[in-house]
Amino acid sequence: MKKEIILPFPEYDKNNQVGPNTDMEEIPIRPGMLFKVGRPSNLYYEFIYASLHFDRHRLSDLKKLLKFRGMEVQVVSILKMKDGSTIAALSRTDGKAFSENITKLFADISKSIKTKELLG
């Protein structure tokens, strides 16, 4: 009778080249976590917003977001949207407002991390 090798964690078996599926899993984000605003994924930020009123966004608002690149931000709260996406409300770590009109930024968590608009 041939003995079979039992692997305690088969998803990490290097012979089968099977790894954990990170694409489908949600990244665990909690209030208080720190991030840096990275580079825009396109000409402007696609997944970081100045407000959640998408019908009111203007090109000038998108241009204002570019000056926040490299700034350290903190997750204030997590919002679960009707479509299933998760939005993080971000504030500056020093407690100041981003600008006179923008007190918080909002980021689609999974998309902004995948496109490196938010850096962990």
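Trainee: Which residues line the largest pocket?

Mentor: In this predicted model, the lining consists of Ala50, Ser51, Arg56, His57, Asp61, Leu62, Lys64, Leu65, Asn101 and Ile102. The space in this pocket is about 160 Å³.

Trainee: What makes the lining four nonpolar, three polar and three charged residues?

Mentor: Ala, Leu and Ile count as nonpolar, and Asp, Lys and Arg as charged, with the others polar. The lining includes Ala50 and Ile102, Asp61 and Lys64, and Ser51 and His57. Sorted by class, the lining gives four nonpolar, three polar and three charged residues.

Trainee: Why is strand 4 called mostly covered?

Mentor: A residue is buried if its relative accessible area is under 20%. In strand 4, residues 86-92, seven of seven residues are buried, so the term applies. Thr86, Ala88, Leu90 and Arg92 are buried on one side, and Ile87, Ala89 and Ser91 on the other.

Trainee: How do you know that strand 4 pairs with strand 3 and with strand 5?

Mentor: Pairing needs at least two bridges. Strand 3, residues 72-80, has seven bridges with strand 4, and strand 5, residues 105-108, has four with strand 4; therefore each counts as paired with strand 4. Both pairings are antiparallel. Valine 73 stands opposite arginine 92, and alanine 88 opposite alanine 107.

Trainee: What lies between strand 3 and strand 4 in the hairpin?

Mentor: Five residues lie between them, and glycine 84 in the turn has a positive phi of about 100°.

Trainee: What is the average pLDDT, and where is the value below 50?

Mentor: The protein averages 81, with 78% of the residues scoring at least 70. Over residues 16-25 the pLDDT is below 50. Beyond near neighbours in sequence, that stretch has seven contacts in the model.

Conventions
Residues numbered from 1 in each chain as written. Predicted model: local features only at pLDDT ≥ 70, side-chain atom pairs only at ≥ 80, totals over all residues. Heavy atoms only, no water. 1 Å grid on protein atoms, 1.4 Å probe; cavity = no way out; pocket = protein on both sides within 12 Å on 5 of 7 lines; lining within 4 Å. Points joined across faces, edges and corners; volume = space filled by probe spheres on them. pLDDT = per-residue confidence, 0-100. Contact = heavy atoms within 4.5 Å. Buried < 20%, exposed > 50% of the residue type's maximum accessible area, 1.4 Å probe, protein only. Helix = DSSP H or I, 4+ residues; strand = E, 2+ residues; numbered from the N terminus.
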